[in-house]
Amino acid sequence: MQKIGNIGVLTSGGDAPGMNAAIRAVVRAAIYHQCRIFGIRCGYKGLIEDQIEEMFSPSVSNVIQTGGTLLKSARCPEFRQKEGRHKAWENLKKHGIEGLVAIGGDGTFRGAQELSQEYGMPVIGIPATIDNDISGTEYTIGYDTALNTIVEAVDKIRDTASAHNRLFFIEVMGRDAGFLTLRGGIASGAEAVMIPELQNDEEKLRNFLESSYKKAKTSSIVLVAEGDEVGGALRLAEKVQKEYPEYDVRVTILGHIQRGGSPSAFDRVSASRMGVSAVEALLRGEKNVMVGLINGQIALTPLLKSVKEKKQLNRQLLELLDILSI
Ligand code: ADP
């Protein structure tokens, strides 16, 4: 393995459960391979402001089970400018950091790519976002935990929906992608989903409401991705209530509970695998790639490709929902 002395690690952009498990794996793997490891607080903001401190094995004791990120995260408009990235580079140099592990979503990877293009800094990305909207990996860290949170919440709502024969519209996170909504819908037995990738979802919903009313379903659950063109669960519910006064319509917006909580076993294991692989990739001389999981195996994808390619929804899951919601 190639000798890299000092490695930096940061979390950036939207937080996701399992980020701590990833930081832990990066720190421990770096130390295992006899490197020094530096934690950068508050993402690119901390890099620009020199919030950089060396970490040791005990720095990540007792964190694998915690949500959020011990390194904190922040949005940093200054890093989008050349001058901001120059300050970041100066601070990396000051601490002798020769390789960077960036844990975050596509914005984080775009920033990492810019930094590495301008200054030749090798960067390895670890995909962490509850939205699962990153190409080059079947699962992003945080997605499985968020899914479990959604399913638990929807199960509870279904109890009350069925007691009162109600139609519930439940809004799920996902600005541009319906992965959480679709898989959450299948796992919770939802009758329909509204997602940005589907053009005819409103028409499908109408068909469903007309046929389900005739079949006298006792209650119905519709999951709505926040980014769907219907304008969110509230707008959709208002419209449906007007058109179908026979339904008793209610709305729940799940909101930020979807981001929090202790990571699932699946997210902890994925984060651990990705963290160790990221350090080993840096030591092998890899640069500007993202560590992902494809068919259960670690796979590397160029950072640029992972942000430019739109991840496709699994169409088989859509068909499954149609079959199971009759
Ligand atoms: P996420 O990584 O979860 O997608 P953001 O999109 O907010 O989150 O990106 C996180 C940070 O990455 C931003 O605050 C900014 O500092 C940096 N970033 C995002 N896009 C770019 C870009 N095109 N060039 C440079 N930096 C960027």
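Let me start at the interface: between domain 1 and domain 2 there are 8 residue pairs in polar contact, both residues at pLDDT 80 or more. A polar contact here is a pair of N or O atoms within 3.5 Å; within protein, one must be able to donate a hydrogen and the other to accept it, and residues adjacent in sequence count only if both atoms are side-chain atoms. The side of domain 1 that touches domain 2 has 5 nonpolar, 4 polar and 4 charged residues, where Ala, Val, Leu, Ile, Met, Phe, Trp, Tyr, Cys and Pro count as nonpolar, Asp, Glu, Lys and Arg as charged, and the others, Gly among them, as polar.

This is a predicted model, with local features needing pLDDT of at least 70, side-chain atom pairs needing 80 or more, and totals for chains, interfaces and linings using all residues. Residues are numbered from 1 along each chain as its sequence is written, and side-chain values use heavy atoms, without hydrogens or water.

Now the domains. Domain 1 covers 6-142 + 263-308 and domain 2 covers 144-259, with bounds from an automatic or database domain assignment. Their centres, taken over C-alpha atoms, are 34 Å apart. To the contact (heavy atoms within 4.5 Å), domain 1 brings 13 residues and domain 2 brings 12.

Last, the ligand. It is surrounded by 16 residues, the closest being R75, C76, G105, G107 and T108; the cut-off is a heavy atom within 4 Å. A ligand oxygen atom is 2.6 Å from a polar backbone atom of C76, and a ligand oxygen atom is 3.0 Å from a polar backbone atom of G107.
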